[in-house]
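Let's go through this model together, asking at each step what stands behind a label.

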Amino acid sequence: PFDAELRRTGSTVHVPAGRTLLAAIHDVDPTLDASCEEGVCGSCITRVLAGAPDHRDSLLEAHERDRTDVIYPCVSRAHGGRIVLDI
Ligand code: FES
């Protein structure tokens with residue numbers, strides 16, 4: 001479980017185990033694009049402003065898996081309990 005601050009929206013959503021970050025974001029901002037919801041299409045790509053993404057997508061290459069500037073919220077989560085997104 002972790003919290004995601006949606007910086008531009010000005011709200012924070014809680015993401016429990018068993019729920020996707022995308023679903024939690026959609027509660028507040030249904031306009032975020034999504035298609036495959038399996039981490040393969042890239043349509044949900046979101047900029048990360050702070051925090052450590054736990055990448056679970058199939059898009060980032062091995063050498064990109066430590067990137068902290070993007071996340072695919074349909075499948076990926078956060079380390080450390082909190083992440084800040086440019087949404
Ligand atoms: Fe396809 Fe997230 S919806 S990668």
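Q: What makes S1 and strand S2 (residues 11–15) a pair, and in which sense do they run?
A: Two strands pair if DSSP finds at least two bridges between them. S1 and S2 have 5 bridges and run in the antiparallel sense, so they meet that rule. Strands here are DSSP runs of E with at least two residues, and helices are runs of H or I with at least four, both numbered from the N terminus. Before we go on: this is a predicted model, in which local features need pLDDT of at least 70 and side-chain atom pairs count only at pLDDT 80 or more, while totals for chains, interfaces and linings use all residues. Residues are numbered from 1 along each chain as its sequence is written, and side-chain values use heavy atoms, with hydrogens and water left out.

Q: Which residue in the hairpin of S1 and S2 takes a positive phi?
A: That is Gly 10, with a phi near 80°. The hairpin has 4 residues between its strands, and Ser 11 in S2 is the bridge partner of Leu 6.

Q: How do you know that S1 also pairs with strand S5 (residues 77–85)?
A: The two are joined by 4 bridges and run parallel. Within this pairing, Ala 4 stands opposite Ile 83 of S5.

Q: Why is Leu 6 called buried?
A: Buried means under 20% relative accessible area, exposed means over 50%, and partly exposed lies in between (1.4 Å probe, protein chains only). Leu 6 has 0% relative accessibility, so it counts as buried. This residue lies in strand S1, where 4 of the 5 residues (2–6) are buried.

Q: What is Leu 6 in contact with, leaving aside its neighbours within four places in sequence?
A: Its partners are Ser 11, Val 13, Ile 25, Val 28, Leu 85 and Ile 87, where contact means heavy atoms within 4.5 Å. Leu 6 and Val 28 are 22 residues apart in sequence, yet their C-alpha atoms are 8.9 Å apart in space.

Q: Which residues of helix H1 (residues 21–28) are buried?
A: They are Leu 21, Leu 22, Ala 24 and Ile 25.

Q: What makes these residues line one face of the helix?
A: Seen down the axis of H1, they fall within an arc of 160°, so they line one face. The arc is that of the directions from the helix axis to the C-beta atoms. The cover over these buried residues includes S1, S2, strand S4 (70–71) and S5.

Q: Why is Glu 61 called partly exposed?
A: Its relative accessible area is 47%, so it falls between the two cut-offs. Glu 61 is found in the loop between strand S3 (46–54) and S4.

Q: How many disulfides does a search of the whole structure find?
A: The search finds 0, a disulfide being a pair of cysteine sulfur atoms within 2.5 Å. As for cysteines, Cys 44 counts as buried at 3% relative accessibility, and Cys 74 is buried with a relative accessible area of 6%.

Q: How do you know that the radius of gyration agrees with a compact globule?
A: For 87 residues, a compact globule would come near 12 Å, and the protein chain has 11 Å, which agrees. The radius is taken over C-alpha atoms, and the globule rule is 2.2 Å times the number of residues to the power 0.38.

Q: What is the order of elements in the protein chain?
A: From the N terminus on, they run β-β-α-β-β-β, which comes to 1 helix and 5 strands.
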